[in-house]
Amino acid sequence: MIPDRIMVALPDRLSMSAEEYLAWEPTQEERYEYWDGEVVAIGGETRNHNRICLNFFKLLDDRLNLPYEIYILTVKLQGERGQKYFYPDVVVTCDEHDNDPQLVQFPSLIIEVLSPSTEAAYRGIKFAKYRQFLTLQEYVWVQAEQPGLEMFRRDRQGQWVLSEYGLGDSLQLESVNLEIAIADLYRQVQFS
């Protein structure tokens with residue numbers, strides 16, 4: 001079985017400064033994230049992963065207008081300046097301060113498609129880092145190997161509340177005031 005996305009540290013745990021990473025990474029054939037000085041390779045997307053990302057992007061893009069901006073797969077998300085740079089599968093921003101041509105800095109919604117090889121990192125390290133974005137309202141995990149979705153929403157007290165969804169459900173995204181049928185996210189996705 002080919003994993004959806006593989007996240008591995010480069011040989012010898014390549015370390016560099018953020019400035020070196022930002023100059024080096026665009027020259028690479030693969031995408032790399034930057035986690036507090038460690039460079040992490042991202043790659044290995046499957047057809048299911050790609051289709052789910054495209055479906056989510058299309059559903060959002062068809063129904064949202066400015067000030068919402070939606071980006072997919074290849075736009076960096078900057079965490080702490082000089083410390084963290086990520087490539088979320090789908091990210092939405094509506095903050096007027098988000099005007100850097102290379103980076104999203106103020107996300108309101110982040111969507112990640114999970115696979116067995118990425119699930120632990122997304123549930124652990126990445127979620128811990130994403131929670132530090134004060135503008136982030138919702139964080140969504142979509143399963144690629146079977147229908148299922150989990151969404152964390154920040155409540156008024158700043159706590160993250162989990163909701164789970166199945167194929168027959170609809171997802172209410174408060175961050176963008178939009179409802180999406182889960183079945184639409186899995187359009188043309190083939191499960192084994």
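How many disulfides does the count come to by the distance rule? The count comes to 0 disulfides, a disulfide being a pair of cysteine sulfur atoms within 2.5 Å. The structure is a predicted model, in which local features need pLDDT of at least 70 and side-chain atom pairs count only at pLDDT 80 or more, while totals for chains, interfaces and linings use all residues. Residues are numbered from 1 along each chain as its sequence is written, and side-chain values use heavy atoms, with hydrogens and water left out.

**View 1. The protein chain as a whole, with 4 helices and 14 strands.** Helices (H or I, at least four residues) and strands (E, at least two) are DSSP runs, numbered from the N terminus. The protein chain is as compact as a globular protein of 192 residues, because its radius of gyration is 16 Å, close to the 16 Å of the globule rule. This radius is taken over C-alpha atoms, and the rule is 2.2 Å times the number of residues to the power 0.38. The C-alpha trace spans about 45 × 40 × 30 Å along its principal axes. Of the 192 residues, 49% are buried; buried means under 20% relative accessible area, exposed over 50%, and partly exposed in between (1.4 Å probe, protein chains only).

**View 2. Residues Cys53 and Cys94.** Cys53 is buried, at a relative accessible area of 1%. Cys94, by contrast, counts as partly exposed, with 30% relative accessibility. In general, a disulfide is a covalent bond that links the sulfur atoms of two cysteines; the count for this model is 0.

**View 3. The cis peptide bond between Leu66 and Pro67.** Omega of this bond is about 20 degrees. Pro67 lies in the loop between α2 (47–63) and β4 (69–72). Most peptide bonds are trans.

**View 4. Asp36 in the loop between β2 (31–35) and β3 (38–43).** Asp36 has a phi near 55 degrees, a positive value in a residue other than glycine. Most residues other than glycine have a negative phi. The relative accessibility of Asp36 is 39%, and Asp36 therefore counts as partly exposed.

**View 5. Asn177 in the loop between β13 (170–173) and β14 (178–181).** Is Asn177 buried or exposed? Asn177 counts as exposed, because its relative accessibility is 64%. Its phi is near 55 degrees, which is a positive value in a residue other than glycine.
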